[in-house]
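Subject: Structure handover

Hello,

Here is the structure you asked to take over. My notes follow below it.

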Amino acid sequence: MKLWGGRFSKNTDSEVNDFNSSIRFDQRMYRQDILGSIAHAKMLGKCNIIPKEDSELIVKTLREILSDIESGKVEFMIDAEDIHMNIETILTKRIGNAGKRLHTGRSRNDQVALDVRMYIKDEIVEIKEMLVSLEKSLLKLASENLDTIMPGYTHLQKAQPITLAHHTLAYFEMFKRDIERLEDTYKRTDVMPLGSGALAGTTYPLDREFVKEELGFSKITQNSLDGVSDRDFVIELASCLSIIIMHLSRYSEELILWNTNEFQFIEMDDGCSTGSSIMPQKKNPDVAELIRGKTGRVYGDLMSILTTMKGIPLAYNKDMQEDKECIFDAIDTIKLCVSVFEKMITTMKINKERMFDGAGGGFTNATDAADYLVKKGMPFRQAHEVVGKMVAYALDAGKALSDFTMDEFKNCSDVIEDDIYDAISLYTCVNERNIVGGPAKEACKKAIEKGEEFIGSLC
């Protein structure tokens, strides 16, 4: 008979039982469930709600069960529905009536809310650590490419010269915000709901502060209805993970382009590439493509939990069981993607000459030519027009601005002098932009230092 079966006169239909069961996916929370039960049992004994000897026996046996699970000695049962009832069933089989006292003063509603919060707290810490590792790799890549000039793009058209360091640091900033969002989400997850009961608390004199301290939470929930029905923290994490994988996907898209024969800015390592079953020459960037593809999967997980929660009245409803598979999937997907993405960017080969040549085409120094004229006293709008005509002439002549003779420059404007050649060189274009956030070597060095300070503040 089910632990809750006293009111029922017949067994649950087998198909319904399987449909209702969540042990297939929530068994991963076994550790959190046992640790939460240990804290609850200690509190029950401390407050003399159950005999202290029973409390001590429950705690001792729960620890043994945890060890047995981690040793592979426990097989969970579909009939027991979920991880919470499985653990309690195993406990009761081992110690009898003493085990039946464990659920005093709690409901599965606040128990599952506790387990999910504990699980997500652990996962946030792990994902954050993975992002910190990725950030370190990005800083290393930037440090090694302070002088690697490449074209910067807008509208996927060559715009202005930058460096690979500057480009890499842009993604460092994105993942930095992701880390900060995870930290913020952690704060709202770090609230202990046990004691909320099914929805209205309990008549037992529970010491919720004791349980909070035992489990390492910073706060306790302030409303029992909200305590059992809140899944904002799940939605918030799913949102954070969606933004993380969006950043991974953007970066992957650029790497896919750069890896093409048309760009040849990078070459993926053999260990992060695959071949074709028919075309022997192929070397495909499947890691980057899969990350790009899995982005939709994580977005789907977010939309799933948002849609599940949108019409649920207070307090707990069985619909909320659907929160776990989607957040577990999003977590697993992100961890896999971050890991292989870091491996991909740390092993890829940078074609610095090709990047430099790419920056030389497309008139990426045109803005600097306009700025040169402005510094000679010409209004910017006039300078913009003059350089636009230069570009039109250069296109007809089949040459770059740096290939102009002085006579050709003078035909465009008589304020131009020999120093124009230095002003529009790619190195000048990059390194004159020496402001905070700019692509100049010195600016990037300072950005790397700040990045290292940020990483240091997390460790």
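Is α3 mostly covered or mostly exposed, and how many of its 17 residues are buried? It is mostly covered, with 12 of the 17 buried (buried means under 20% relative accessible area, with a 1.4 Å probe and protein chains only). Helices here are DSSP runs of H or I with at least four residues, numbered from the N terminus.

This is a predicted model, where local features need pLDDT of at least 70 and side-chain atom pairs count only at pLDDT 80 or more, while totals for chains, interfaces and linings use all residues. Residues are numbered from 1 along each chain as its sequence is written, and side-chain values use heavy atoms, leaving out hydrogens and water.

Helix α3 covers residues 30-46. Among its buried residues are D33, H40 and L44. The elements covering them include α4 (52-70), α5 (83-95), α7 and α9 (208-215), with contact meaning heavy atoms within 4.5 Å. After α3 comes N48, which has a positive phi, near 60°.

Leaving aside residues up to four places away in sequence, L248 touches L134, F175, I291, C337, V338 and F341.

Regards

Conventions
Helix = DSSP H or I, 4+ residues; strand = E, 2+ residues; numbered from the N terminus. Expected span 1.5 Å × (residues − 1). Buried < 20%, exposed > 50% of the residue type's maximum accessible area, 1.4 Å probe, protein only.
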